[in-house]
Amino acid sequence: MAVYDLEEQDQIDDLKAWWNRWGNVVTTVAVVAAIAFAGMQGWRWWTAKQAEEASALFSAMTQAARANDLPKAKDAATQLADRFAGTGYAPRAALVAAKMMFDAGDKAGARAQLAWVIERAGETELKEIARYRMAELLLDDRKYDEALAMLDAKHGDTFAALYADLRGDALSAAGRTADARVAYELAYSKFDEKSPYRNYVQVK
């Protein structure tokens with residue numbers, strides 16, 4: 001029994017010595033791990049809540065667009081841009097708002113929405129759509145050089161035909177017929193053979 005007590009006491013002493021040396025480290029690691037876990041759970045909750053609220057606003061935005069209610073659409077788009085700029089809903093709402101504003105004759109408002117998408121959208125395709133539409137607006141305003149600069153921005157092959165075709169329109173409007181022909185030829189080669197628009201480009 002005495003031997004057992006001595007061995008037990010030695011183990012306790014060893015444990016005390018180990019704890020005296022490493023106890024603070026262990027406690028700190030445990031606390032940090034607990035905080036990290038709580039933070040991760042909190043972040044997930046906050047992200048889910050943000051997505052839910054942004055989704056509700058985007059739904060209101062699409063309903064307003066279907067009803068052609070520009071004031072409500074603008075309000076929803078503004079709230080999404082201000083409160084949920086990091087979500088995918090905000091740039092999509094801005095694109096819809098830009099179309100509605102243009103149709104209502106508010107070109108400046110449409111340009112502002114498109115500029116926001118170009119600067120802030122996280123998805124490359126949305127930026128490319130916004131640049132294309134911005135170039136259309138600039139071309140409509142006869143700002144040919146600015147339109148061409150917008151179309152010169154790097155873009156994926158998905159938009160190559162559309163960009164080249166609009167580039168041809170801008171060059172043609174600027175009186176640069178030979179350059180326009182080159183752009184149209186590129187557009188023609190990029191469009192799918194089954195696309196009905198391909199024949200229209202050929203006529204150009």
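Select Lys154 to start: at 78% relative accessibility, this residue is exposed (exposed means over 50% relative accessible area, buried under 20%, partly exposed in between, with a 1.4 Å probe and protein chains only). The model is predicted: local features need pLDDT of at least 70, side-chain atom pairs count only at pLDDT 80 or more, and totals for chains, interfaces and linings use all residues. Residues are numbered from 1 along each chain as its sequence is written, and side-chain values use heavy atoms, without hydrogens and water.

Lys154 sits in the loop between helix H6 (144-151) and helix H7 (160-173). Helices here are DSSP runs of H or I, at least four residues, numbered from the N terminus. Lys154 is in contact with both, leaving aside neighbours within four places in sequence (contact means heavy atoms within 4.5 Å).

Next, salt bridges. Each is a side-chain nitrogen of Lys or Arg within 4 Å of a carboxyl oxygen of Asp or Glu. The whole structure has twelve.

Select Arg167 and Asp152. Their side chains form a salt bridge at 2.7 Å, N to O. Arg167 is in helix H7 and Asp152 in the loop between H6 and H7, 15 residues apart.

Move to Asp157 and Lys190, a salt bridge at 3.2 Å, N to O. Asp157 lies in the loop between H6 and H7 and Lys190 in helix H8 (residues 177-190), so the pair ties together parts 33 residues apart in sequence.

Then pick Lys204 and Asp165, bridged at 3.0 Å, N to O. Lys204 is in the segment after helix H9 (196-203), Asp165 in helix H7. Is Asp165 buried or exposed? Asp165 is buried, at 2% relative accessibility.

Last stop: Lys107, Arg111, Asp140 and Asp141, linked in a network of salt bridges.

Methods. Helices (H or I, at least four residues) and strands (E, at least two) are DSSP runs, numbered from the N terminus.
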